[in-house]
Amino acid sequence: MSPMNPLTILRYPDPRLHTVAKPVAAIDARIRQLASAMFETMYEAAGIGLAATQVDMHERLIVIDVSEDHDQPLVLINPEIVWASAETRLGEEGCLSVPGIYDGVERSIAVKVQALDLDGKLQVHEAEGMLAVCIQHEMDHLMGKVFVEYLSPLKRNRIKTKLIKQKKDEERDAVR
Ligand code: NI
């Protein structure tokens with residue numbers, strides 16, 4: 001296991017979540033280790049996707065696994081959405097950076113994304129359903145956007161207040 005583990009997941013409203021990620025410059029041992037640590041962190045937290053932004057690494061790297069058995073790991077490096085369906089669907093989303101909050105977000109039902117894999121090979125992925133939603137959600141993270149920003153300001157502020165209080169309570173409990 002890499003000494004980087006476990007990675008700390010930034011939580012909304014941490015301002016670092018709004019950092020725009022830079023392209024990965026070289027797919028080297030450091031990036032492979034980061035991707036591996038991100039998978040472990042994501043599986044540990046029972047998530048289906050994690051963007052490097054969420055672990056305070058501001059490079060265009062995403063790990064995803066929407067399978068139940070954790071056997072379909074997908075790494076997207078410098079991803080670009082090259083096509084998105086005009087048809088959209090309102091679906092419930094959650095986020096490891098916004099624990100305990102689920103709400104509806106309108107997304108394209110299918111996307112085509114182009115990205116490098118860990119071997120530096122350009123791959124095109126056609127995705128629909130949960131995978132398509134997950135890719136769009138994670139790509140938002142790389143642009144510094146968290147899903148709650150699609151919600152009304154009223155809802156968003158309520159979530160912000162709740163998470164700030166939750167964090168304070170945890171910190172207080174930790175020093176006891
Ligand atoms: Ni998220």
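1. Helix α1 (residues 29-44) lies across β1, β2 and β3 (74-84) and runs at about 40° to β2. Helices (H or I, at least four residues) and strands (E, at least two) are DSSP runs, numbered from the N terminus. Angles run from 0 to 180 degrees between N-to-C directions, and the axes are lines fitted to C-alpha atoms, for helices over the stretch in contact. Helix α2 also packs on the sheet, where α2 touches β1, β2, β3, β6 (110-116) and β7; the direction of α2 makes about 150° with that of β2. Contact here means heavy atoms within 4.5 Å.

2. The model is a predicted one, in which local features need pLDDT of at least 70 and side-chain atom pairs count only at pLDDT 80 or more, whereas totals for chains, interfaces and linings use all residues. Residues are numbered from 1 along each chain as its sequence is written, and side-chain values use heavy atoms, with hydrogens and water left out.

3. The sheet is open and has five strands in the order β1-β2-β3-β6-β7, with antiparallel pairing. Its edge strands, β1 (49-51) and β7 (122-128), each pair on one side only. From one strand to the next, the twist averages 40°. Two strands are taken to pair if DSSP finds at least two bridges between them.

4. Strand β2 (residues 61-64) pairs with β1 in the antiparallel sense over three bridges, and with β3, again antiparallel, over four bridges. Gly49 has Ile64 in β2 as its bridge partner, while Leu50 stands opposite Val63 in β2. Val63 also stands opposite Val75 in β3.

5. Which way do the side chains of β2 point? Leu61 and Val63 point one way and Ile62 and Ile64 the other, and all are buried. Buried means under 20% relative accessible area, exposed over 50%, and partly exposed in between (1.4 Å probe, protein chains only).

6. The nickel ion is coordinated by Cys95 (SG), His137 (NE2) and His141 (NE2), at 2.1 to 2.2 Å. Along the chain, these donors follow the spacing C-x41-H-x3-H. Donors are N, O and S atoms within 2.8 Å of the metal (3.2 Å for Na, K and Ca); water is not among the atoms, so sites may look incomplete.

7. The chain contains three helices and seven strands, which run α-β-β-β-β-β-β-β-α-α from the N terminus on. Of the contacts with a separation of 6 or more, 65% are between residues 24 or more positions apart.

8. For 176 residues, a compact globule would have a radius of gyration near 16 Å, and the 16 Å of the chain agrees with this. The radius is taken over C-alpha atoms, and the globule rule is 2.2 Å times the number of residues to the power 0.38. Of the 176 residues, 43% count as buried. The accessible surface comes to about 9700 Å², of which 53% belongs to carbon and sulfur atoms; accessible areas come from the Shrake-Rupley method with a 1.4 Å probe, and for residues only the protein chains shown count as cover.
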